[in-house]
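Please read the following walk through a single protein chain with the sequence and the coordinates open beside it.

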Amino acid sequence: MTEPKAPVQIDVDNLPDVLPIMPLFDAALFPKMVLPLVVMQAESIQLIDEAMAKDRIIGLVVSKSPEQGSTPTEKDLAAVGTSALILKMAKTGDNRAQLLVQGISRIRLTEFIKGKPYLQAQIEKIEAPEKLDKEIEAMMSNLVSQFSKVVELSPGFPSEMAQMAGSIQEAGILADMVASTLNVTAEEKQKILETENIKKRLREVTRMVSHQLEILELGNKIQSQVKGDMDKRQREYYLRQQLKAIREELGETDEETVEIEEYRTKINEKQLPEEARKEAERELDRMAKMHPSSAEYTVVSTYLDWITSLPWNEGTPDNLDVKEARKVLDEDHFGLEKPKRRIIEYLAVRKLKPDSKGPILCFAGPPGTGKTSLGASIARALGRKFVRISLGGVRDEAEIRGHRRTYVGALPGRIIQAIRRAESNNPVFMLDEIDKVGSDFRGDPSSALLEVLDPEQNHSFQDHYIDVAFDLSKVMFITTANILDTIPPALLDRMEVLRLLGYTEDEKIKIAQRYLIPRQRAENGLSAKLISFTKGAVRQMISGYTREAGLRNLEREIANVCRGVASGIATGDIQRASIKVSDLSRYLGPVRFTGESKSRIQTPGVATGLAWTPTGGELLFIEATAMKGKKNLVLTGQLGDVMKESATAALSFIRTHAKDLGIPEDFFEDKDIHIHVPAGAIPKDGPSAGVTMLTALASLLTAKRIHKNLAMTGEITLRGQVLPVGGIKEKVLAAHRAGIKTIIIPQQNEKDLEETSEKVQKEITFHFVDKMMDVLKLALEE
């Protein structure tokens, strides 16, 4: 290796106008900075030889071309570079030259000059005047501070670099020095090189230093965390090994072995089914090979806790005393004969055939009719545990079947969870609000319930988490619903539907006296001596302050009265209270509901119909009027399409039989007819108002009033036939609550009256019809 001798005098202040230009690849040189280079191109080595023979000054410019072996053209070079002095040069035997160069100043290439194998260019020196002010001084101080932190966090940087940066007084040199040491791309360094304004240069370099500092701090934090975790694990492992050695010396067994043996004992004592036992033992063997600190160890431990705590063979003996069970049911609920009879039948079958499967019952009816509380009463009558889950709003199939164990935080579904809470494999299991189950992208829970509620399948119900078959055939499932239309047909087909359709006024009075009033007395701190209700007051609360098929609102009104009396006793205003009809307005305000059927049908054109709603039956008033017009039929009251068609059919029937009804045949030529159904804010639909609409029109056009206390329901045809409709019991109960004395219903619905009580059938006169003319004869006054 040789080192040519340097010329004696080198003037770096007066740069020549033309300099030989050597391209730089993946590097940039800043003024006053020193950079080692390795030169391989023949033309660049010739450039160096000629420069060494002269003044040793060359131009170094960053090449935009990434290929180091190729010769860059004028277009590949940046416009701004650095004049540099060759401090040392040495050639190696493989036609390479090693250089150590120092930057002199920034230069701009103005014009390239040809004539040499290497690039030459006319240059002009870039001088940026430095004028120190407070802002520049602050920026310099901040840059030195940030750079010192970078040096501190970078093991490859000597600590003297921070001291050197702090000793630099010129802002431009400081920026160049810091930029040259940072681990950034040549493009970013070239950007700093081209920035002439000192403040802009300081800002850009400060940004680069801040970015570098963030990376270093984050890397240092990660390294510390990893090292801390490794140290902690090593320490724990060392301590466990020591603890193990100490226990071996003392002849004790370690905790893991004790836990494994405990699980093994539980599995043997539980007498699991063959499939469950094999799965539990397989998981236990896996657990024995794991380290207790591993995440999978906890997952397996949780699984074994579940599988060994389920009541695989544990159940409660049934109370097969039919009379005693009937007594319990009657104590808890008044009426509800059909559900009670079905439970007694089940008990009788269990007595004769102990291995019979549990029934799948569905209690359907309006809110407040005792569906949920009846489930708890059935469990008490049978001597079984009672569990209940609400399905309202459930949209995830995993709620029923559970999550697979591959998921973090996986658990069994709500069916298995409830069975474990019951600690019995034959509880009374209530699935509340089954008509309100939803479905979305997570699955359809009602489809998962098909297996649960099928006696032919649920003996091998498989939860995703437990992953072995669990026998649900001994469970007595009871579901509740307000309406059946929203339950999928396949699911509804698996259930025996028992309808709880509401209570008569007398039934409500007895329930209030037996159950509601004593319960509200106790909840409000009162006794029978402090408050009592007359039968008339209870009846008035039922008819004047509530309008419902169930009992919830009635209990709220009783609670309001009890709270008012409790308040009076607490303040000393009263000593005790006997609530009469005249006292109700003081505690409950004015009467909210009054009998309006009599007043509404005083004029021709108004008829009383009966409607079915999810909350029970309702009275429906149909009003008709005629005015001068052009044969238009106007329908108002938020009527659905079916109801509008019923009105059109009724009008067509009357026009067809106008002569038979004593109506002029041209009555419609110069008239408009308007049919309105009050309570216009409530949507209404269905065919059962057809009879009522026709009667209202006939009353209007014949100017005959409709008999008082008469209501009707039924679908009509253009030929005058009266067709059967649904919801007869709910409609009859609504009419009974409103004081209706006569009801006209379709002939084919006569069989549906068997569901109503004898008292209602005695107090109401029923007319069964199959032709519309018969309806008009019964309904219209002479």
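What pLDDT does the chain average? The average is 81, and 93% of the residues score at least 70, where pLDDT is the predictor's confidence in each residue, on a scale from 0 to 100. Over residues 1-9 the pLDDT is below 50; beyond near neighbours in sequence, this stretch has 17 contacts in the model, a contact being heavy atoms within 4.5 Å.

The model is predicted, and for that reason local features need pLDDT of at least 70 and side-chain atom pairs count only at pLDDT 80 or more, while totals for chains, interfaces and linings use all residues. Residues are numbered from 1 along each chain as its sequence is written, and side-chain values use heavy atoms, with hydrogens and water left out.

Strand β2 covers residues 34-39. Helices (H or I, at least four residues) and strands (E, at least two) are DSSP runs, numbered from the N terminus. Buried means under 20% relative accessible area, exposed means over 50%, and partly exposed lies in between (1.4 Å probe, protein chains only). Strand β5 (residues 97-113) pairs with β2 in the antiparallel sense over 6 bridges; two strands pair if DSSP finds at least two bridges between them. Val 34 has Gln 102 of β5 as its bridge partner.

Rings of Phe, Tyr and Trp (its six-membered ring) pair if their centres lie within 6.5 Å; planes under 30 degrees apart count as stacked, over 60 as edge-to-face and the rest as tilted. By this rule the count comes to 4 aromatic pairs. In one of them, the rings of Phe 429 and Phe 477 have centres 5.4 Å apart and planes at 40°, so the pair is tilted. Because Phe 429 lies in strand β9 and Phe 477 in strand β12, the pair ties together parts that are 48 residues apart in sequence. Phe 429 counts as buried at 0% relative accessibility, and Phe 477 is buried with a relative accessible area of 0%.

Another ring contributes to a charge placement: the charged end of Arg 420 sits over the ring of Trp 306, 3.7 Å from its centre. The rule asks for NZ of Lys or CZ of Arg within 6 Å of the ring centre and within 35 degrees of the ring normal.

Lys 474 is in the loop between β11 (469-470) and β12. Lys 474 is partly exposed, with a relative accessible area of 45%. Not counting residues up to four places away in sequence, Lys 474 touches Arg 384, Asn 425 and Asn 426.

Ser 543 is found in helix α18, residues 535-544, and is partly exposed at 28% relative accessibility. Leaving aside neighbours within four places in sequence, Ser 543 is in contact with Glu 505 and Phe 593.
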